[in-house]
There are 2 protein chains.
Amino acid sequence: MEQHVRVGLLGCGTVGEAFAELLVERSPAIESVTGISLELARIAVRDPGRPRSSKLDPELFTGNTDDVVKAEDIDIVVELIGGTKPVGELVMAALKAGKPVVTANKELVGSAGPELFAAAEQAGVDFFFEAAAVAAVPILRPLRESLLAEDVTRVAGIVNGTTNYILTRMMADGLGFGEVLAKAQELGLAEPDATADIEGADAASKAAILASLAFNQSVVAHNVTREGITGLEPEDFELAAQFGYVIKLLAVAERFPDGPDGIGSVGAQVFPALVERDHPLATVRDSFNAVFVTTSAAGELMFYGHGAGPRPSASSILGDVVSAADHLRRGTHRRVPVGPPAVMRPTQELVHSYYIRTEVNEAPGVLSEVTGVFGRHGVSIRKVDQQGSESQARVVFITFPATEHALHSALEELRGLGHVRDVGRVLRIYK
Amino acid sequence: MEQHVRVGLLGCGTVGEAFAELLVERSPAIESVTGISLELARIAVRDPGRPRSSKLDPELFTGNTDDVVKAEDIDIVVELIGGTKPVGELVMAALKAGKPVVTANKELVGSAGPELFAAAEQAGVDFFFEAAAVAAVPILRPLRESLLAEDVTRVAGIVNGTTNYILTRMMADGLGFGEVLAKAQELGLAEPDATADIEGADAASKAAILASLAFNQSVVAHNVTREGITGLEPEDFELAAQFGYVIKLLAVAERFPDGPDGIGSVGAQVFPALVERDHPLATVRDSFNAVFVTTSAAGELMFYGHGAGPRPSASSILGDVVSAADHLRRGTHRRVPVGPPAVMRPTQELVHSYYIRTEVNEAPGVLSEVTGVFGRHGVSIRKVDQQGSESQARVVFITFPATEHALHSALEELRGLGHVRDVGRVLRIYK
């Protein structure tokens, strides 16, 4: 069954241009395998007069988004402008005009996903966003198709390439955060303003998307509590290594069976964590990303690949476009399982083991006093490692699992003790 | 759109039983998410009177395969008998009766895939076999859907859990092959007759399946040249470690752009290989499996998880059943891209770097003589490591890339040299 499909593109920045070029490059091969001939029909940009890639016909460009979003002769809309305003309205308009939409916009899907899924469903069209999760890594399709029959209990991912590069370099080279960030910016691996990456906001958007599809409950980015990597010091990496760990920024979403109506509650967090050196996630280096999925029957799965970059993102977007085109040809579409809004489990009730680095004045009885505080708050200590002595003593505690609430109340009391000079760092341990 | 789907099962061994139980267990959750109610309607087995899992109604069992394959009231057939005869005919009969078929039978798909794909296409029904590749790991769906628009150049996988367990133990514990195999058999991680695993036949079937879907060309198991792991000795693992490698049994399928009609030629091999310690495939331990995919735009991707086991396989099979049921409801099916028979590139023309362990009588000029032989056959040496001396010298060579033909002709000449006592081991180096 032959099908000619006209694709309209919104935005032509680095990813948009890479997508446009890849579509032109791959379309003969796609046609020979699938019978679908994809035509890049129009590109809406702010400044249509600006010089563009020589591989793209200047005639394609328009300054009017309606020429893509509402035009009769556009079959599929690809949104690669980014951000939420006014992009959310453009996407909504395209869906309402009955056009399938493919986007790589994690910020938009992470914050306004549920409304867009519902609009797509109402219009009976596809809304695909594989590249919004982990760029080139096919994770959403496996979650919503291959694992649809599964009971997914946890999704834990390294979903931000910039921070993974920084942490890999800090771990390998013993350098400070600022120095490595500057280097990453110089190499183009971090934006000039890297706030969204290093503070975990980007990872939180992706955590929301992954959690929504894994658990079939709507999670949005502001449901995700987050902690970035700006405070980490070389000392933490050294100590982590001594205990057999590496440090990774993780997005972790977990489902608990105890929520109302049997759908369970969801905990979602982004934080720098200690990961055992032998765990598959520990081996994900530099700007690579990976998502580790735990299910009741299939067990543990991991999906690994480039989490950013124009060509990898373009590849994933084009895969979605081919699927949407195939569905158009068959007169069908794939429903995004729009679950009910998730019942979020309060962060204070989430359970982890912790690494706690403290500075104490060594004196007889101090260790007993400190461990006594932990004990009273229900935090059991698994390992203690004291280095230095007298006023220089640094004590690292590794705990057994305890709620964040128990930990924080213990830390609060600890900070009031005369012999505890500083509670320097608390990191969760991924298990 | 509600849909009631009756599933008929062929075979009820360990995987069949796990699948039947999982279907019963998960079907309420599947119905609440998808609106598809799955009913396990009938199970054909050789001996219907044999006692079975208490979770399965004894009324479900029949001794007549026609009650599943040809019955009017069966909507989807799941084949979990295994082997090729008479199973191929049963699957063919089900497809011809217009029933979608889901199977985990790598031997069948790896050898008779092209005919079955064609029969499914002719009948306009789904033929799914995700569990035939790497059990629980969703790899076929990403290959044939997410990466459909991609130019996949190579697929390299650890696709056999038994051999990966054996190699992991030999590497970690320095034990001999026989000892570790016996231990694996004792633990149930290797079959009493492990020939198909340790000789690479199982991996070859999976290589054929992966290559067919990755390159859209039909590759069958007998197109795949293979070498097993039975000859490996503890010394090889020690030497590999010294050079910074681990040893893994890999299934490698590669596409070359030089074939006729622009579709390229395909090389497919199974062999024990040296893999750099830092490569993601090197970190796949014990009975875990992983497939590493190289594409032109997305770059490198890896899919990791359990490659065997009743529950992981059942999870994957059930995912396929839900997809097939969803397609029935929509009156559509997914075509397996039945590519033309692959033009296989002769193994002798495939290029690798090699590790070659030799035993030589050390004497002035011997090294020069040996390297001279390599040079004359076009094999350049990258590293030489000589240990021991006089009649005890062991020399390891690491080569630059060369064809298998060049290597073998060099080795043949080497074996004729008086001072070369033995060419003990040749391993390809995965790059």
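**Exercise 1. How many salt bridges are there between chain A and chain B?**

Solution. Start with the rule: a salt bridge is a side-chain nitrogen of Lys or Arg within 4 Å of a carboxyl oxygen of Asp or Glu. The count between chain A and chain B is six. Take one pair: Arg285(B) bridges to Asp278(A), with the closest N and O atoms 4.0 Å apart.

The model is predicted: local features need pLDDT of at least 70, side-chain atom pairs count only at pLDDT 80 or more, and totals for chains, interfaces and linings use all residues. Residues are numbered from 1 along each chain as its sequence is written, chains are lettered from A and ligands numbered from 1 in the order in which they are written, and side-chain values use heavy atoms, with hydrogens and water left out.

**Exercise 2. Describe the interface between chain A and chain B.**

Solution. Step one: count residues. In contact (heavy atoms within 4.5 Å) are 47 residues of chain A and 47 residues of chain B.

Step two: find the area. Buried area is the accessible area (1.4 Å probe) that two parts lose on being put together, summed over both. Here the two chains bury about 4,000 Å², 53% of it on carbon and sulfur atoms. Val33(A), Ala149(A) and Tyr304(A) supply 15% of the area that chain A buries against chain B, more than any other three residues.

**Exercise 3. Which residue of S12(B) is the bridge partner of Phe303(A)?**

Solution. Strands (E, at least two residues) and helices (H or I, at least four) are DSSP runs, numbered from the N terminus. Two strands pair if DSSP finds at least two bridges between them. S12(A) and strand S12 of chain B (residues 299–306) are joined by five bridges and run antiparallel. The partner of Phe303(A) is Phe303(B).

**Exercise 4. Is Ser353(B) buried or exposed?**

Solution. Locate the residue: Ser353(B) sits in strand S13 of chain B, residues 351–360. Apply the cut-offs: buried is under 20% relative accessible area, exposed over 50%, partly exposed in between (1.4 Å probe, protein chains only). Ser353(B) has 14%, so Ser353(B) is buried. Now list neighbours. Beyond four places in sequence, Ser353(B) is in contact with residues including Phe400(B), Pro401(B) and Leu427(B). The Ser353(B) side chain also reaches the backbone oxygen of Thr399(B) at 3.4 Å.

**Exercise 5. What is the relative accessible area of Ser205(B)?**

Solution. Ser205(B) lies in helix H10 of chain B, residues 201–215. The value is 8%, so Ser205(B) is buried. Not counting residues up to four places away in sequence, Ser205(B) touches Lys106(B), Glu107(B), Gly110(B) and Ala221(B).

How values were computed:
A polar contact is a pair of N or O atoms within 3.5 Å; within protein, one must be able to donate a hydrogen and the other to accept it, and residues adjacent in sequence count only if both atoms are side-chain atoms.
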